[in-house]
Amino acid sequence: MEAVTSFAQYETQIRPENAEIIKQYREVARAFDKLWKAISVRSNQNSWRLESRGIGSCNGDSGISIFGPAKPDLFELRKRRNLETGGIRLAKACEFHRAGRGCVLGDLKSPLCLDYVDSLHGDEMQRRFKVGIFKMEPTLLRILSVNVSDDFVQMTVEKTQNMIDYIETFPVLHPEEL
Ligand code: SF4
């Protein structure tokens, strides 16, 4: 059987038009993921920590929400990141979930996964931070399906960073996860 190329090798082989979509997607997904991490360490209600249930709050990979011309390349990158990331997998959890850590995908998470908020977590966010999180999925789907400008990407990242700066004014409840 032919060996799977590494993540880094695969990246160099992606056609330029798809590479551009993936670059934009990862920039925005990275900012969204960073926002979730800022919230997560300040929250007690993330059910991804309840690993006795064998699953994260996200409850199963939603790669189904990824589409467009760059989809096959995104899937290949996700597969390689998973293969190249250590940690303990839980039998009942999503294949990208690791015990004590949660999702390994980061900037390669699907639109649906980045958008997912379980109800307890959502309630706590509203009580503690007094914010509703904006919908992330439409922005990511837009990047995957039409040619968005780099200005749009930049503006989205800046808007998200403003929110992160605000969230970071609240105390950290889980310093061990920083
Ligand atoms: S891909 Fe990540 S966020 Fe999505 S269900 Fe799996 S572990 Fe959860």
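1. The face of α7 turned away from its buried side carries exposed residues: Asp 150, Asp 151, Met 155, Glu 158, Asn 162 and Asp 165. Helices (H or I, at least four residues) and strands (E, at least two) are DSSP runs, numbered from the N terminus.

2. What you are looking at. This is a predicted model: local features need pLDDT of at least 70, side-chain atom pairs count only at pLDDT 80 or more, and totals for chains, interfaces and linings use all residues. Residue numbers start from 1 along each chain as its sequence is written.

3. Thr 156, Thr 160 and Ile 167 are buried in α7. They cover an arc of only 30 degrees around the axis, which puts them on the same side of α7. The arc is that of the directions from the helix axis to the C-beta atoms. Their cover includes α2, α5 (119-129) and α6. The length of α7 (residues 150-167) also checks out: at 1.5 Å a residue, its 18 residues should span 26 Å, and its end C-alpha atoms are 26 Å apart. The expected span is 1.5 Å times one less than the number of residues.

4. Helix α2. The 25 residues of α2 should span 36 Å at 1.5 Å a residue; the end C-alpha atoms are 35 Å apart, which agrees. Its buried residues include Ile 22, Ala 31, Asp 33, Trp 36, Ala 38 and Ile 39. Among the elements covering the buried residues of α2 are α3, α4, α5, α6 and α7.

5. α2 against α6. Two packed helices are described by the angle between their axes and the distance between the axes. Here α2 and α6 pack at an angle of about 170 degrees, with axes 9 Å apart. They are therefore roughly antiparallel. From α2, the contact uses Ile 21, Gln 24, Tyr 25, Val 28 and Ala 29; from α6, Thr 139, Leu 140, Ile 143 and Leu 144. Axes are lines fitted to C-alpha atoms, for helices over the stretch in contact, and angles run from 0 to 180 degrees between N-to-C directions. Angles under 35 degrees count as roughly parallel, over 145 as roughly antiparallel, 65 to 115 as roughly perpendicular and the rest as oblique. Two residues are in contact if their C-beta atoms, placed from the backbone, lie within 7 Å.

6. The core. The largest nonpolar core has 29 residues; Tyr 25, Val 28, Ala 29, Phe 32, Leu 140 and Leu 144 touch the most other members. Ten residues, the largest share, come from α2. Such a core is a set of buried Ala, Val, Leu, Ile, Met, Phe, Trp, Tyr and Cys residues joined through C-beta atoms within 7 Å. Leu 140 touches Tyr 25, Val 28, Ala 29, Pro 111 and Leu 114, not counting residues up to four places away in sequence.

7. Helix α3. Leu 74, Leu 77 and Arg 78 are the buried residues of α3. They fall within an arc of 100 degrees seen down the axis, so they line one face of the helix. They pack against α1 (7-12) and α2 (16-40). Pro 72, Leu 83 and Glu 84 are exposed on the face turned away.

8. Pro 69. This residue is found in the loop between α2 and α3. Pro 69 is exposed, with 12 other C-beta atoms within 10 Å. Pro 69 and Ile 21 are 48 residues apart in sequence, but 8.7 Å apart in space, C-alpha to C-alpha.

Key:
Buried ≥ 20, exposed ≤ 12 C-beta atoms within 10 Å, placed from the backbone.
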